[in-house]
Amino acid sequence: MKRGLRRCMLALLGVLTLAIPSATEMTRPAAPQVAGPPPVVPGCEQGCETVFSVPLEGGHRLDGLHGVGGNVLAYWDGASLVGTTQVRGSDGQPYERVTAGLCGAGRCSVAFEFGAHSAAVAALRLDTKITVDTAVEGVAADVRDLNADGLPDAAVRQSTYEPSFALAPLYWVTYVQQDDHLVPTGCTAPVQAFEPAPVIPATGACPTNV
């Protein structure tokens, strides 16, 4: 009778031993989660070229993309897409090509090209979304920090249109960021030769015939 009871107890202990996980199993790390593919940016379903990618504070970034439907700006928080936008011109159509971007303190200046000989700069505000505050159009466009205040500024080249657009002298208008807007500071002297974009704010008088 005692031997039978002993065999039952041994069998029960064997079952309990099998049911309790080993120390190795209890401390084994969980299998890492495999990240899925990044979200497709609206407007880039057929693919986009990345023209610029600007890192921002807090793990955010702004990508300037070129797709079949024109420019696309994508605002990211790490691998999560916060929002996108297409900057549109005075004719209501998206600018065709994004060419450059510069950001600082939650503000960005982004340059575009459209048509045969046209360009533009847009001032953006980035917080919970992309907000387009100002857009200025001209013949050529450049973005940089002109007054070294950490905010992205801009320069847009314009035509005097005299005697005609093709033969007219050109001049640069510089803009600095103030209260989410691009505020003009002045102009360079009109010239017919190539002239690079200014690296400091222009303060000269602007032509009055345009």
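Which pattern do the disulfides of the protein chain follow, with bonded cysteines counted along the chain? I found 1-2, 3-4, 5-6. I took a disulfide to be a pair of cysteine sulfur atoms within 2.5 Å, and by this rule the count comes to three.

A note on the source: this is a predicted model, where local features need pLDDT of at least 70, side-chain atom pairs count only at pLDDT 80 or more, and totals for chains, interfaces and linings use all residues. Residues are numbered from 1 along each chain as its sequence is written, and side-chain values use heavy atoms, with hydrogens and water left out.

**Disulfides, one by one**

I began with C44 and C48, whose sulfur atoms are 2.0 Å apart. The torsion about their S-S bond is about -85°, so this disulfide is left-handed. For accessibility I used relative accessible area (buried under 20%, exposed over 50%, partly exposed in between; 1.4 Å probe, protein chains only). C44 counts as buried at 10%, whereas C48 is partly exposed at 29%.

Next I looked at C103 and C108, with sulfur atoms 2.0 Å apart. Their S-S torsion is about 105°, so the disulfide is right-handed. Both ends count as buried, C103 at 18% and C108 at 0%.

Then I checked C187 and C206, joined S to S at 1.9 Å. The torsion here is about 90°, so this disulfide is right-handed. The pair links distant parts of the chain, 19 residues apart: C187 lies in strand β12 (residues 181-187) and C206 in the segment after β12. Strands are DSSP runs of E, at least two residues, numbered from the N terminus. C187 is buried at 4%, while C206 is partly exposed at 36%.

**Strands**

I followed β1 (residues 49-55) into β2 (residues 60-67): the two run antiparallel, joined by six bridges. Strands pair if DSSP finds at least two bridges between them. In their hairpin, four residues lie between the strands, and G58 takes a positive phi near 70°. Eight bridges join β2 to β3 (residues 70-77), also antiparallel, and the hairpin between β2 and β3 has two residues.

**Cores**

Which residues touch the most other members of the largest nonpolar core? Among its 18 residues, I noted L62, L73, V110, F112 and L124. A core here is a set of buried Ala, Val, Leu, Ile, Met, Phe, Trp, Tyr and Cys residues joined through side-chain atoms within 4.5 Å. A second, separate core of twelve residues includes C187, along with A111, Y171 and V173.
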